[in-house]
Amino acid sequence: FIFDFFNARLHFGCSRMQMYPLEMEGNSNPKTTNKPKYSKFTQQELPACKPLLTPEIVIAAFALIGALFVPIGLASLHASRQVVELVHRYDASCVPVDDKVGFIQNSRTDKTCTVTMTVPKYMKSPIHVYYLIDGFYQNHRRYVRSRSDKQLRYKSAAHLTSDCVPEGDTADHAPIVPCGLVAWSLFNDTYTVRVNGVVTQVNKKDIAWKSDKNNKFGKNIYPSNFQKGRLIGGATLNESIPLSEQEDLIVWMRTAALPTFRKLYGRIEKDINANDNVTVVIQNNYNTYSFGGSKALVLSTASWIGGKNNFIGIAYLTIGGLCLSLAMGFLVLYMVKRRNFGDPSNLSWNR
């Protein structure tokens with residue numbers, strides 16, 4: 001009895017499923033039908049390329065990749081090794097006392113520091129001057145979000161400081177422009193460069209991206225109440241210069257993705273010969289001691305791939321060499337132990 005009951009239910013369900021499409025096809029009103037429209041896209045019938053990877057094609061592909069990547073890697077490595085770079089860490093040597101945090105936070109102490117470097121090779125201008133910071137997490141979520149992009153761009157948005165806590169308003173609730181932790185922590189060490197005792201100008205113009213200057217910072221936005229919040233920050237800004245011309249700020253506010261980063265301070269537009277003495281007078285103001293970070297001064301030339309970076313060349317050489325090795329291995333294997341390749345037209349679904 002139970003078997004007959006479920007058997008009847010099963011036949012009843014099947015009969016309804018068979019009748020439903022017939023009823024829908026009989027409906028002449030296209031607005032009420034649910035029948036899906038035929039499409040080659042939905043039925044996966046679009047033309048497609050189905051390459052047949054024969055041994056000859058695989059060997060040729062690996063050989064071609066290797067033949068392209070190895071010369072690129074050699075050229076990149078050669079260009080990187082032509083870059084002359086001087087790096088001098090000064091955060092520890094520029095503080096003469098054990099209490100480094102107290103020294104850097106005391107506004108009455110003289111923070112002038114002098115470092116001397118000898119140039120090992122001829123440095124062709126322009127020579128880029130960077131400051132390198134280690135242990136500073138500019139990619140921290142709260143730090144990155146503590147800014148107001150509308151305020152930086154539009155004059156009518158000066159009051160939009162809700163995202164800039166805790167550096168959005170002053171004690172008397174006046175808006176800070178630019179607000180937020182990113183601008184508040186602006187780097188404020190300064191460098192005065194002398195080559196063989198002669199003061200050399202460091203050009204700080206056009207050190208920021210043009211897209212940032214033209215699209216992210218307004219030409220009629222001027223700093224106001226900056227560094228007048230509840231906490232002591234980094235550098236100050238000239239309130240008579242618009243934000244689009246404050247290039248130190250623009251460079252700093254392009255936050256780094258890694259805790260170790262370098263940012264452009266300026267350019268020396270004068271050649272420096274080998275064995276010249278470069279003396280840099282540093283005003284050591286920036287507090288990296290509170291969070292255990294470090295600071296360094298970098299002088300570097302540039303090549304067609306940018307600064308000194310051996311990773312690109314090594315990566316290309318590694319991949320190119322690996323592809324050439326695979327091509328040679330497959331070629332030897334194919335010649336020593338060749339196998340007949342089947343004809344795909346004989347497959348049952350291709351007949």
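Helices here are DSSP runs of H or I with at least four residues, and strands are runs of E with at least two. In this predicted model, residues 314-336 are 100% helix and 0% strand. The end C-alpha atoms of that span lie 33 Å apart. An unreviewed UniProt entry lists residues 314-336 as a transmembrane region, along with residues 57-79. Residues 57-79 are likewise 100% helix and 0% strand, with end C-alpha atoms 33 Å apart.

Strands β1, β8, β3 and β6 form an open sheet in that order, with antiparallel pairing. The edges are held by β1 (85-89) and β6. Each has a single partner strand, so one side of each lacks a neighbour in the sheet. Neighbouring strands are turned by 20 degrees against each other on average, direction ignored. The antiparallel pairing of β3 with β6 runs over seven bridges. Within it, Leu132 stands opposite Arg262 of β6.

The largest nonpolar core comprises 59 residues. Tyr191, Trp252, Val280 and Leu299 have the most contacts inside this core. Elements giving two or more residues to the core include β3 (127-134), β6 (261-268) and β8 (294-300). Also among them are the helices α6 (181-184) and α8 (247-253). The most is given by β3, with six residues.

Trp252 illustrates the packing. Neighbours within four places in sequence aside, its contacts include Tyr131, Ile133, Phe136 and Tyr143. Val182, Leu186 and Phe187 are also in contact with Trp252. Further partners of Trp252 include Phe261, Lys263 and Tyr286.

Terms used. Residues are numbered from 1 along each chain as its sequence is written. This is a predicted model: local features need pLDDT of at least 70, side-chain atom pairs count only at pLDDT 80 or more; totals for chains, interfaces and linings use all residues. Side-chain values use heavy atoms; hydrogens and water are left out. A nonpolar core is a set of buried Ala, Val, Leu, Ile, Met, Phe, Trp, Tyr and Cys residues joined through side-chain atoms within 4.5 Å. Buried means under 20% relative accessible area, exposed over 50%, partly exposed in between (1.4 Å probe, protein chains only). Contact means heavy atoms within 4.5 Å. UniProt positions are given in the numbering used here, feature names are shortened, and annotations may be inferred rather than shown by experiment. Two strands pair if DSSP finds at least two bridges between them. Axes are lines fitted to C-alpha atoms, for helices over the stretch in contact, and angles run from 0 to 180 degrees between N-to-C directions.
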